[in-house]
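Reader: Please take me through the helix packing and the chain contact of this model, with cut-offs.

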Amino acid sequence: MNELAVPLNHLLFLSGLLFSIGMLGVMIRRNIIFILMSIEVMLNACALAFVGAGAHWGQPDGQVMYVMILSIAAAEVAVGLGLVLQIQRRFKTLDMDQANRMRG
Amino acid sequence: MTDYIWLIPILPLISSITLMLGSAYLGRSVIATLGVGSVGLAAVLTGALAYNFLHAPEPIHVVYWTWMQVGQFDPSIAFYFDGLTLVMMSVITGVGFLIHLFSSEFMEHDNSYARYFAYLNMFVAAMLILVLADNLLLMYLGWEGVGTCSYLLVGFWYQHSANGRAARKAFIVTRIGDTAMAIGLLVLFTELGTLNIQDLVAAAQAKWQVGDVIPLLICVLLLAGAAGKSAQLPLHTWLPDAMAGPTPVSALIHAATMVTAGVYLIARTHGLFLLSPDAMTVVAVVGLLTSLVAAFTALAQHDIKRILAYSTISQIGYMFLALGVGAWTAGVFHLMTHAFFKALLFLGSGAIIHCLHHEHDIFKMGGLRSRMPVTFWSFLIGSAALAALPLTSGFFSKDLILLQAYQQANIGPLLWVGGLGGALLTAIYSFRLVFIVFFGHANTSPDREIGWRMAIPLILLCALSLIGGYFSLPVEKVFPIDDNQHPDQWVELVSISIPIFGVFLAYLLFLGRQLDPGFLIESASGRWLKQFWYSGWKIDRLYDLALVNPYYWIATIARNEPVDKFYQSIVITNQTLNAALSKMQTGRMRGYIVSMVIGLIGFLGLSLFFVAGAV
């Protein structure tokens with residue numbers, strides 16, 4: 001169709017930046033809620049890259065993938081929040097460094 | 001008439017088993033009655049058998065049943081009884097009975113009275129099977145049986161580890177000879193297809209010529225077995241240590257009966273040895289060397305039982321010398337007289353040890369002549385017979401051996417001179433013993449008198465030691481008849497006078513002290529020689545260095561499981577890796593994530609690097 005208003009490189013750069021921020025969050029945050037949120041950020045960064053690529057080549061597949069990622073993210077959050085509740089009940093904390101019983 | 005022959009070995013065996021099973025329930029008098037009585041009954045039966053045999057001197061062969069049958073191999077449980085067997089059985093049951101009687105008092109205060117008689121009876125049963133066996137396999141059963149009993153009795157006072165060591169040594173050293181003998185039996189069976197002694201000798205004489213190689217091989221293997229059992233060079237080192245057992249055991253097993261089993265074996269298979277003159281020369285030389293080496297060693301010992309032990313080795317050396325020159329009758333004759341006087345000497349020393357608070361050192365005795373008269377006279381008579389003074393039993397047998405050795409075809413006069421040297425030494429060391437122990441001033445006083453059960457065996461053995469030389473052995477049909485000429489008069493005169501001269505020398509050295517060899521003994525070489533003889537020519541030390549220590553060394557290495565080391569290293573590697581890797585399982589989720597990310601980045605970087613033109 002038409003040329004994209006924003007160049008693909010910019011989109012990919014933004015996507016990469018978001019992914020890195022999310023990954024950094026996963027790595028350095030101790031609170032499990034924040035870790036889950038950071039994972040969401042990473043997923044959305046991927047989704048953004050798909051949408052951008054789909055728009056660049058004028059293919060609908062990118063948006064199909066976006067919908068799929070969205071549903072997977074929803075399922076993941078459902079399971080993840082369930083686990084968070086269990087962790088809160090067992091350990092009375094959300095700090096993942098405290099919940100380290102499975103060490104070698 | 002001879003239906004009861006099987007009773008003779010069975011009686012001591014039954015008594016032995018009863019004593020073993022019932023040791024906790026039987027009183028001391030019952031134990032003594034069983035132990036002594038069973039052998040006494042066997043002696044009576046042997047006497048009856050002898051009476052019959054002397055009237056109708058035909059060999060008796062009784063087959064009871066077939067032991068086992070594998071193809072051609074069918075040894076039977078069967079007894080063969082002839083003049084030679086009769087001599088051996090009389091010694092075993094007769095002297096054995098006296099020693100049992102002596103033991104019943106000697107061991108009276110021992111806690112293991114029943115165990116003692118159980119072993120001793122089992123020994124008598126095994127020894128009777130050994131001499132009665134009609135085939136070499138059954139004989140081997142008895143042969144190993146007496147070895148086992150010897151082991152058990154040498155280590156009888158097992159609370160001291162030294163006794164256990166002596167017992168093990170006796171067992172292992174004789175086992176070396178027994179292995180050679182077992183190989184000899186295998187060769188015999190492969191070559192001749194039978195182990196029955198009479199058939200075997202006949203088959204061997206039909207198959208081989210005099211001087212063939214295979215008979216030589218067989219004879220040397222049998223000789224090795226005999227040398228192990230009879231404590232001949234180079235397997236004699238176990239006998240002096242075997243003195244760790246109770247003294248009556250030394251008298252019965254290590255003087256009168258078991259150690260003469262080797263002589264019996266060679267005498268019994270003399271038909272094989274006649275096929276191999278070389279083997280006979282070896283027998284004679286081994287016997288002579290042993291008798292000389294042991295006599296020198298006996299001269300330097302302090303322990304009364306060790307003197308007698310070396311003297312036993314030396315006297316059995318004479319028997320081997322006799323067998324080696326073909327003087328079969330003389331060898332067996334000396335076996336019998338030696339059984340009398342050496343049992344007497346051992347029992348006498350047992351009486352001394354019993355009454356002197358277990359003192360063994362002859363230099364701590366002295367002056368016992370008036371205080372232990374029975375023992376003194378026993379010792380005097382025993383030593384006279386051992387030294388072969390005229391008219392004692394030892395004189396007749398030893399004289400016969402020396403005269404026949406002189407007539408041996410090749411090296412006869414040499415053997416005779418060696419034998420005379422041994423006789424001189426025998427006279428010196430035996431009367432050294434008498435003079436030091438019974439004369440001079442007293443160093444210890446006896447704390448008890450011997451009772452009748454110890455005195456009667458001593459008196460009877462004294463009588464046997466004196467008159468034993470007049471017995472004529474019923475062995476004319478067993479051995480080929482000697483057609484030797486009587487040697488020159490001077491040979492006989494020298495043979496007779498040498499022991500008397502030896503006793504005179506011993507008197508001058510140890511009692512009258514007219515001769516003082518002090519300067520000889522005190523010189524450097526004299527002291528070295530004394531130490532050398534005292535240690536038994538350092539043969540024990542040689543064996544320790546050459547055989548025992550390397551064996552211990554290998555055993556020490558093997559104890560640490562060298563093969564297992566390899567498998568152990570695999571285990572250790574795995575365990576170390578496991579410990580290191582499991583440290584990474586910290587349980588911290590963020591750590592896992594970080595390592596995942598780093599790994600991912602590394603992996604991506606690598607794949608970008610290697611996929612050409614990707615970057």
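Reader: At what angle do helix α2 (residues 32-57) and helix α3 (residues 61-91) of chain A pack?

Author: This is a predicted model, in which local features need pLDDT of at least 70 and side-chain atom pairs pLDDT 80 or more, while totals for chains, interfaces and linings use all residues. Residues are numbered from 1 along each chain as written, chains are lettered from A in the order written, and side-chain values use heavy atoms, without hydrogens or water. Helices are DSSP runs (H or I, at least four residues), numbered from the N terminus. With axes fitted to C-alpha atoms over the stretch in contact and angles running from 0 to 180 degrees between N-to-C directions, the axes of α2(A) and α3(A) lie 9 Å apart and the angle is about 175°.

Reader: Are α2(A) and α3(A) roughly parallel or roughly antiparallel?

Author: Angles under 35 degrees count as roughly parallel, over 145 as roughly antiparallel, 65 to 115 as roughly perpendicular and the rest as oblique. The two axes make an angle of about 175°. Therefore α2(A) and α3(A) are roughly antiparallel.

Reader: Which residue of chain A meets B:Arg588 in a salt bridge?

Author: A salt bridge is a side-chain nitrogen of Lys or Arg within 4 Å of a carboxyl oxygen of Asp or Glu. Two are found across the interface of chain A and chain B. One of them, at 3.5 Å from N to O, joins B:Arg588 to A:Asp97.

Reader: How many residues does chain B give to the contact?

Author: Contact means heavy atoms within 4.5 Å. Chain A gives 14 residues, and chain B gives 11 residues.

Notes: Helix = DSSP H or I, 4+ residues; strand = E, 2+ residues; numbered from the N terminus.
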